[in-house]
Amino acid sequence: GVFRKLLAADHPNVAKSLTNLGQALRDQSKFPEAETAFREALELNRKIFGNSHPTVNHAASELASVIMSQERWSEAETAYRELVSMTGNREDPDMPLFKNSLNRALYYQGKGKEVEEIYDKEIVALKQQFGPESQEVGTRLLTQAAQLERFSRHARAEALGREALAIHRTLYGLAHPAVASSLGSVGKSLSEQHKFAEAEPLLIEALAILRNVTDVEEERLNDAISGLAELYFRQNKFSQSEPLYREVLQDKVLADDHSIIFTTASLGRLLGDWALAEHEARSKDTVPSPLSATRAREAESLLRQCLKVWMDGPTNERHWRIADARSRLGGSLAVVGIIDPDLTPEARHAIFTEAESLLIEGEKGLQEGLAGQTKYVRDTFARLVRLYRAWGKPEKAAAWQGKLDAFDQNRLAPEPATKPGS
């Protein structure tokens, strides 16, 4: 552009202009075009500064990030390995981000064992540097546990969380925010393993600690409230879960704030499932519950808002969060079609058709974006089974039930035995 005409081709301002262009394109979700600009900027910066310079590192990180956004995991792995190597032992605040991104790229290629080996080495090094019961070790254990939860490695995450909890109780006593974080970590891992009776007292204790901290960060408190709400939801204790979600959302505006979008989507999912459960419990009654239809329609409204916010924001249209929003909305529409007594056959068919489209599209996006093995994929399978059974399409229902059963069989397989970082 203008810089190329006015300045020498290898002038630093040309590289800066290319980086700015890449950032603008990325913010519009134009990832291939952004990648081209970032590649040119990196090549030019290397020509100007050599291979070992902060400006080159920044350019390489921009390129790696946009490759990751396109879910090209193998290329992202290569890019982040180069970044970690380039950064070396220098104190760089972005190094944890580089390492976490590398681990994500590895995991989504099925290299989970390698990720855990990396984690083990990090903990061993920290214990040698700071001591086995240091704050640094406890903090890193919690970070690793959170990452492993994202990778559905729940038993492994539980072990790391318990180790962090023991460290934090030794350091801080029984009522400290770090202890609450550790309790929440272990409680979440237990919940994901359906060990609800073990998880509940831990999550209640974590929330009680944070409610008594005068200057607790709102986001931290909301995470604890949402964690307990999720536990109750997963046990179908809807009346206990709903007020917790609404507490988090009180006086909040749904915008491109991820935590608020997540909580709104969770409330929508809860209301839809609650409506269906009430409907099924009253299926033998002659008069349906008016609250069921109200809850189902509110669920649809909330989830349409969530999908719109995701779609209108800078998020890649192929991002798994958008796929999950489609799946949840499709599920809520299926519930509306099932329980609303005032729908005509034509209206019910139209609702089921829209639900099917959203669910199929959502399932495809989740498979592509999350390597298949997550609770979000499982939820989508279950929603498709429910839809086709209600729609009178038993063959399609059976096909998706087969996928759901296979998923559950795979999930019940024991995780490989791995030793916690020690």
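Here is a short chat about how some terms apply to this predicted model.

Tutor: Local features here need pLDDT of at least 70 and side-chain atom pairs count only at pLDDT 80 or more, while totals for chains, interfaces and linings use all residues. Residues are numbered from 1 along each chain as its sequence is written, and side-chain values use heavy atoms, with hydrogens and water left out.

Student: What makes H4 and H5 roughly antiparallel?

Tutor: Helix H4 (residues 54–69) and helix H5 (residues 73–87) cross at roughly 160°, and their axes come within 9 Å. Axes are lines fitted to C-alpha atoms, for helices over the stretch in contact, and angles run from 0 to 180 degrees between N-to-C directions. Angles over 145 degrees count as roughly antiparallel and those under 35 as roughly parallel, so H4 and H5 are roughly antiparallel.

Student: Which residues of H4 and H5 make the contact?

Tutor: Contact means heavy atoms within 4.5 Å. Among them are Val56, Ala60 and Met68 of H4, with Trp73, Tyr80 and Leu83 of H5. The residues of the contact of H4 with H5 divide into 11 nonpolar, 4 polar and 1 charged. Ala, Val, Leu, Ile, Met, Phe, Trp, Tyr, Cys and Pro count as nonpolar, Asp, Glu, Lys and Arg as charged, and the others, Gly among them, as polar.

Student: Why are H14 and H16 called roughly parallel?

Tutor: H14 and H16 pack at an angle of about 25°, with their axes 10 Å apart. That angle puts them in the parallel class, so H14 and H16 are roughly parallel to each other. Residues that meet there include Phe262 and Leu276 in H14, and Val335 and Ile338 in H16. The contact of H14 with H16 divides into 7 nonpolar, 3 polar and 3 charged residues.

Student: How many cavities are there, and what makes something a cavity?

Tutor: On a 1 Å grid over the protein atoms alone, a cavity is a set of points where a 1.4 Å probe fits but cannot get out. The count comes to 1 cavity of 30 Å³ or more. The largest cavity has a volume of about 60 Å³, a volume being the space filled by probe spheres set on the points, which are joined across faces, edges and corners.

Student: What lines the largest cavity?

Tutor: Lining residues have an atom within 4 Å of a point; including Gly268, Asp273, Leu303, Ser332 and Arg386 here. Helix H14 (258–281), helix H16 (320–339) and helix H18 (375–391) each supply at least two lining residues. The lining divides into 2 nonpolar, 4 polar and 5 charged residues.

Student: What stands out about phi of His194?

Tutor: Phi of His194 is near 65°, a positive value in a residue other than glycine.

Definitions and conventions. 1 Å grid on protein atoms, 1.4 Å probe; cavity = no way out; pocket = protein on both sides within 12 Å on 5 of 7 lines; lining within 4 Å. Helix = DSSP H or I, 4+ residues; strand = E, 2+ residues; numbered from the N terminus. Parallel < 35°, antiparallel > 145°, perpendicular 65-115°, else oblique.
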